[in-house]
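Trainee: I would like to learn how to read a structure like this one. Where do we start?

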Amino acid sequence: MANLKENEILDIYHHAINISRKAGDYIARNASESLDIDYKGRANMVTQVDKKSEEILQEEITSRFPHHKILGEEFTDKDTDSELKWIIDPIDGTTNFVHGYPVVAVSIGIEYDNEIIIGVVNNPLLNEIFTAIKGHGSYYNGKRIEVSKVKKLEEALLATGFPYKLNDHFYKNMELFKKFYENSQGVRRAGSAAIDLCYVACGRLDGFWEYDLNPWDVSAGSLIVKEAGGRLSSFSSEKFSPYADEILATNKFLMEPMQKLIQENL
Ligand code: IPD
Ligand code: CA
Ligand code: CA
């Protein structure tokens, strides 16, 4: 963050929180309304609320920071020569949203010089907001959070998610699900990768893995895990990237045992 001043970072951070609340309020107000649903695939839905939420975020970013890049899940791909890029998921957990299952988030990750420096994940249905600035820790509703201290896989509560398409990764992950289930205290599948990552960050979960995610699903949550003292990688020991195909996120202790189990079973 060499060339960015502390007050510039704080300004962007506060704006990210404010607009996640603005989009979140819109989502919450429309949660019990009848939804206009389009299908991107068999079970991959998008509603008018996803689109409007992205529109709110895009307009709010552009009006305050007209020069920043923006990448959004639904339609935004604004390219400029700025080193700052907002990576947004207007609703992470659309299937949950459609069914009224309150695990839903507005996810905003901000990249600077190819690194995520700010993360905001707001669940407007449960009034839970997770935030982080690189080098300054992670917060849940304004209170500092840390990853869990669970040391053994047998004592861990884990989570994963599955791709919408019943592709090769779906079937491979069913196998991994079985193995992790046999070797832990349980595996959850809540339907929002951004929230799964925040739950690792605050110790509600001890580890999380998933295939086929996109940068808007994981940019914010991955920084929130890291700043809470957690670890990130791909399924091997390779360095994590929000643009990569696989993500493994754990507390301080479970990275190696989770990687080992994945390697043995792929
Ligand atoms: C989905 C959620 C889900 C994950 C899917 C994602 P969406 O995002 O993060 O947990 O398993 O792979 O696509 O479509 O609700 O924004
Ligand atoms: Ca998503
Ligand atoms: Ca989405």
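Mentor: Start with a definition: donors are N, O and S atoms within 3.2 Å of the metal when the metal is Ca. Keep in mind that this is a predicted model. Here D89 bridges the calcium ion (ligand 3) and the calcium ion (ligand 2), which are 3.7 Å apart.

Trainee: Which residues are the protein donors of the calcium ion (ligand 3)?

Mentor: They are E73 through OE, D89 through OD and I91 through O, at 2.2 to 2.3 Å from the ion. Along the chain these donors follow the spacing E-x15-D-x1-I. E73 sits in the loop between strand 3 (69-72) and strand 4 (77-78), while I91 is in strand 5, so the pair ties together parts 18 residues apart in sequence.

Trainee: Are E73 and I91 buried or exposed?

Mentor: A residue is buried when its relative accessible area is under 20%, exposed when over 50%, and partly exposed in between. E73 has 24% relative accessibility, so E73 counts as partly exposed. I91 has 1%, so I91 counts as buried.

Trainee: Which protein donors does the calcium ion (ligand 2) have?

Mentor: D89, D92 and D217 each give an OD atom, and they lie 2.1 to 2.2 Å from the ion. Their spacing along the chain is D-x2-D-x124-D. D92 belongs to strand 5 (residues 84-92) and D217 to helix 6, so this pair ties together parts that are 125 residues apart in sequence. Both D92 and D217 are buried.

Trainee: Next, helices. How many Å should helix 4 span?

Mentor: The expected span is 1.5 Å times one less than the number of residues. Helix 4 (residues 168-182) has 15 residues and should therefore span 21 Å; its end C-alpha atoms are 22 Å apart, which agrees.

Trainee: Which residues of helix 4 are buried?

Mentor: H169, F170, N173, L176 and F180 are buried. They cover an arc of only 120° around the axis, so they are on the same side of helix 4. The face turned away from that buried side carries the exposed residues D168 and E182. The cover over the buried residues includes strand 11 (157-160), strand 12 (186-188), strand 13 (207-211) and helix 7 (255-265).

Trainee: What about helix 7: which of its residues are buried?

Mentor: M255, M258, Q259, L261 and I262 are. Down the axis of helix 7 these buried residues fall within an arc of 160°, which means that they line one face. Exposed K260 and E264 are on the face turned away from the buried side. The buried residues of helix 7 pack against helix 4, strands 11, 13 and 15, and strand 14 (231-233).

Trainee: Last, the nonpolar core. Which residues of the largest one touch the most other members?

Mentor: Of its 35 residues, those are V121, F130, L197, F208, I224, V225 and I247. Elements giving two or more residues to this core include strand 7 (115-123), helix 5 (193-201) and helix 6 (215-227). Helix 5 gives the largest share, 8 residues. At least three residues come from each of domain 1 (6-145) and domain 2 (153-265).

Trainee: What does I224 touch?

Mentor: Leaving out residues up to four places away in sequence, its contacts include V121, F130, I145 and C198. Another core, of 31 residues, lies apart from the largest one and has V49, F65, F97 and Y112 among its members.

Terms used
Residues numbered from 1 in each chain as written. Chains lettered and ligands numbered in written order. Predicted model: local features only at pLDDT ≥ 70, side-chain atom pairs only at ≥ 80, totals over all residues. Heavy atoms only, no water. Core = buried A, V, L, I, M, F, W, Y, C linked by side-chain atoms within 4.5 Å. Buried < 20%, exposed > 50% of the residue type's maximum accessible area, 1.4 Å probe, protein only. Helix = DSSP H or I, 4+ residues; strand = E, 2+ residues; numbered from the N terminus. Domains from an automatic or database assignment. Contact = heavy atoms within 4.5 Å. Donors = N, O, S within 2.8 Å, 3.2 Å for Na, K, Ca; no water. Arc of directions from axis to C-beta.
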